[in-house]
Each structure stands twice: as structure tokens, then as C-alpha cells.
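Hi there,

Here is the structure I promised to pass on.

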Amino acid sequence: LYFEPLSLVEQLVDEVAEMPGALPLLSFTMSELYRAYVRSARSDRLLTKDDYQNLGGVAGSLSRRADEIYRSLDAPHQETLCRVMLRMVSLQAGEVARRRVPLAELRHRDGQPEETRKETVLTRLKEARLVVSGTDNEGTPYVEPAHDKLVLGWPQLWSFIKQEQETIPLQRLLTQEAATWAKNERKGDHLWDGDPRLPQLGDLRKKVPERFNALEDSFIEESERRRRFFRNLWIAVPCLVIAGLSGLTWFAFRERNKANEQTARAEQQKKRADSEAITAKQRLLGSYVERGHQLLFEQGKPSEG
């Protein structure tokens, strides 16, 4: 194959020279030029400037290829592609850049359709050379966009970013916190049970369960469970205190009533004893008076004979 005109070579080199990953980007563009030539069904063996311009240059060739893949997928796979690509985007100080994603971060729970769809999407992106995979210095497998131009120049991805620009930073933070939680043996003090952002994560999870990976799902579930536990505890403790105070009040009231009843019975017994003592004294006095009268009568009675 030949270039027509020859200046197209310099134009290609100049466009990618200052970009990160210049050689992979140039390779991709050349591949797209070849695909355009094959589709044209020409036999002149020429890669022309018109073909290059129809691609939209380097950035345009990436966008066109990504659009082809996106349109070839059904709706569920398109949504999965959106979620995968958004994880490969970094938003820092208003700037957008590509992000290397550990494969573990894309792992969902076993049996979820999202896991199968993710594998299909990654395979398609790799075959199109839009995404590359590798292993970092620590032996961790990863995937990342092959070119910054894909992140910066694909309109469909920018549409995704615009829709999720408020949730992307939150999800990045969640990913970091969930990883820290896992490294610390999933201890409760690393959960978000007291974090005001937890309800927002819960709402996002209800709307789109596939949004979060397996570890993030577990982190959210445990945080919500711990929050419910402490919330119930804060409700239960005052109730127990109130119940305890009520019990003590009832016990004191009952004991006071018992004491009052005992005092009343003691007073009644004392009154009864006093009454009985007075009655006994009166009887005794009456018997003495009667005996005295009898003695006086007997002394005053004339003797017989």
C-alpha cells in the first residue's frame, strides 16, 4: 500500500508526535485507514488523504471505531460498556484523563449477568485496540484505554461523563474506601455507617444495582447493616432507660403503698390495742366498784339475831 499524497505520512506523524502513547495511536490510525481502504473496494493500493479526512483524523478514527462497537451492542451491553468506560475515566480538578483499572475492580458477584456482559464488552474493545490490558509492577492485572484521545475525543463517552459527573468522584472514593476495608480484614471501623454519603450510595444502588462491583456491594451492605444496628441501639437504649425508670418508679410507688398500708395497719392495731386496754381498764374498774359496793352493802346489812 502507498500514501497519496506522500505528505500524508508527515501529517500522521505530526498529529500523534506530542501525544502520550504515540506509536499505539499511530498504529491504530493506520489500521483504521486500511479498514477504510478495504471497505472502499478499490484496487489502487492507495491510502489517501480523503480517507484520512473522512475518518476525522486520529481522534475521529477512535470515535468512529468506538461508535461502531457501541451501536453493534444491544441495550444491556451498551449500558455495561458505559459503566466500564466510566471506570476508566479520572476527573481531577475539572480535568478528564484516562485511568488504569485493576481487573478486580470490574469483578461482579458470581451469577450476575453484568459479569458476562463485561467480559463481552472488554473483548470487543480489546479486539478493536481501543482498550489494552497488562500487568503492573506488583503483578496486578489491569485494563485501560489505549489512547487519551479516546477519553478526550469520543462524544458518546463525554455524554456518559456529563450524565454521571456528580457520581463519578463519589464512586472513586467508594472504590478506595472499599479496598482499604478489605485490606484491614473488613473491620467495622472502616465502614461508612456514620457517613452522610451512605444514603446516596444506597439510592444509586437501588436504581442501578450493576453500578457497583462485588467488593463495593459488600461494603455498602455492611455499612447499611452497621448503621441500622447503631440506629436501633440508639433507639433501644433510651427505651430501656425509660422502661427501667418506669419500673423503678412503679417499684417505689408500690413500696410506698406497702409502707403506707403497713403504717395504717399499725395505727389500726395500736388504736385497737388502746381501745382494748381502755375497755379492760374500764371493766377492771367496774369490777372494783361493784366489789366495793358489795362490801359496803355487806358491812351495812344488820346481822341476824
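This is a predicted model: local features need pLDDT of at least 70, side-chain atom pairs count only at pLDDT 80 or more; totals for chains, interfaces and linings use all residues.

Residues are numbered from 1 along each chain as its sequence is written, and side-chain values use heavy atoms, with hydrogens and water left out.

Let's start with helix α1, residues 7–16, where L8, L12 and V16 are buried (under 20% relative accessible area with a 1.4 Å probe, protein chains only; exposed is over 50%). Looking down the axis of α1, the buried residues fall within an arc of 60°, so they line one face of the helix. The arc is taken from the directions from the helix axis to the C-beta atoms. E10 and D14, on the other side of α1, are exposed. The cover over the buried residues of α1 includes β1 (2–4), α2 (22–40), β2 (46–48), α3 (49–55) and α4 (57–72), with contact meaning heavy atoms within 4.5 Å. Helices (H or I, at least four residues) and strands (E, at least two) are DSSP runs, numbered from the N terminus.

A cavity is a set of points on a 1 Å grid over the protein atoms alone where a 1.4 Å probe fits but cannot get out, and lining residues have an atom within 4 Å of a point. The largest cavity holds about 60 Å³ of space; the volume is that filled by probe spheres set on the points, which are joined across faces, edges and corners. Helix α5 (75–87) and helix α6 (113–127) each supply at least two lining residues, and α5 gives the most, with 4. Among the lining residues are T80, R83, H108 and E210.

Best wishes

Methods: On a 1 Å grid over the protein atoms alone, a cavity is a set of points where a 1.4 Å probe fits but cannot get out, and a pocket is an open set with protein on both sides within 12 Å along at least five of seven lines; lining residues have an atom within 4 Å of a point.
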